[in-house]
Amino acid sequence: MAGSIPLDELRKDTKLTKLVSALMSKGVSRIDPEISCEGFSYRIVEDSLALTPEQAKDLLDQYVDLRAFTKYVKDQLLRCPNCNSYFIQGRFRCPFCNSINLEKSYLIEHYACGTLRRKEDFERDGKLVCPICGGELKTEGVDYRYAGAWFTCRDCKKQFNMPSVRFVCRRCNMELSIDKIELTILNSYAAEDVVVKMVSKETIVVAPLVNFLRSLGLTVSSPGTLVGKSGVHHIFDLIIEIRSEGTSAPLAVDVSKSLEGASEFDVIAMFAKVVDAGVKIPVLVAMPKMSDMGKKLAASYGINVIEGTSLDELFEKFRSLLKDKVKL
Ligand SMILES: [Zn+2]
Ligand SMILES: [Zn+2]
Ligand SMILES: [Zn+2]
């Protein structure tokens, strides 16, 4: 399933990167529609990419097709086919004369005598009293019940329990029947974990880290490849060639950025590559932190762990690691 997400394609999609970065900066991974009389809004998408609500919705649907997002049905809007407005209200009409001049009431059934009348017929001095048997109605569900709505047409005087239901577009004033009105299903969208990880690694940590290291005068490849003794090509998030006294040794960095932080599994995954590729100085960057088990394992594998909740913290720790390991 996860393997079929076209990550290589998505990695180049700057809109997706921008959007997911915006989500992460707000600490959310799900986009819900905001609904008002004017319609719907996917605010964070519109704001971060300068799109209209419809464009935002279309883009999110494209990302669902690319499997970068998953969608969940969230709500439904009625839309005017005449002017495309979502400001739609209901309208009740008399099914006999089409009048809108209706009065709505409720039917009450008195259990003791079986009388079924409008609520108004039972009202007497702030109490409910049966107009037929004179008994007082005290407890709903025990001696009486509400038996549904009841409409009276003030024009033709007919009574009925079901008016004809219409809709009115409040923008263009067109009245619409059910068969004319358009339906819009609104989804919530959740970014796939693997996409969030990819973007966070690329934009939040790797890119700034590469810039920082280059500013120190280092030669950095990102992503970087080392060919292992086995012949396998190992990819690291970034590789620095450390040259000293005529020889060069690779310093390889992997960045783990699951939202919860790194664990022993990140250490194990890196260790296999480090051994085969003969990495002199392996560094695993964990943001915001590395699990205790991961730290122990990294220590026994000789993998340097740099933890940080902010980029500045990561940079500072990287600087002292470089001082320590390569006398920079
Ligand atoms: Zn309209
Ligand atoms: Zn009664
Ligand atoms: Zn009528």
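1. Buried means under 20% relative accessible area, exposed means over 50%, and partly exposed lies in between (1.4 Å probe, protein chains only). Cys-130 is buried, at 1% relative accessible area. Cys-113 is partly exposed, at 34%.

2. This is a predicted model: local features need pLDDT of at least 70, and side-chain atom pairs count only at pLDDT 80 or more. Residues are numbered from 1 along each chain as its sequence is written, and ligands are numbered from 1 in the order in which they are written.

3. Donors here are N, O and S atoms within 2.8 Å of the metal (3.2 Å for Na, K and Ca). Cys-113 sits in the loop between β6 (102-110) and β7 (116-118), and Cys-130 in the loop between β9 (127-129) and β10 (136-137). Strands are DSSP runs (E, at least two residues), numbered from the N terminus.

4. Four donors count as tetrahedral if all angles lie between 85 and 135 degrees.

5. The zinc ion (ligand 1) has four cysteine SG donors: Cys-80, Cys-83, Cys-169 and Cys-172, lying 2.3 Å from it. Their spacing is C-x2-C-x85-C-x2-C. Cys-80 lies in the loop between β4 (69-79) and β5 (88-93), and Cys-169 in strand β13 (residues 164-169), 89 residues apart.

6. Why is the arrangement around the zinc ion (ligand 1) tetrahedral? Its four donor atoms subtend angles of 100 to 118°. Cys-80 is buried at 0% relative accessibility. Cys-169 is also buried, at 0%.

Note on methods:
Side-chain values use heavy atoms; hydrogens and water are left out. Four donors count as tetrahedral if all angles lie between 85 and 135 degrees; four count as square planar and six as octahedral if opposite donors are over 155 degrees apart and all others between 65 and 115; anything else is irregular. Helices (H or I, at least four residues) and strands (E, at least two) are DSSP runs, numbered from the N terminus.
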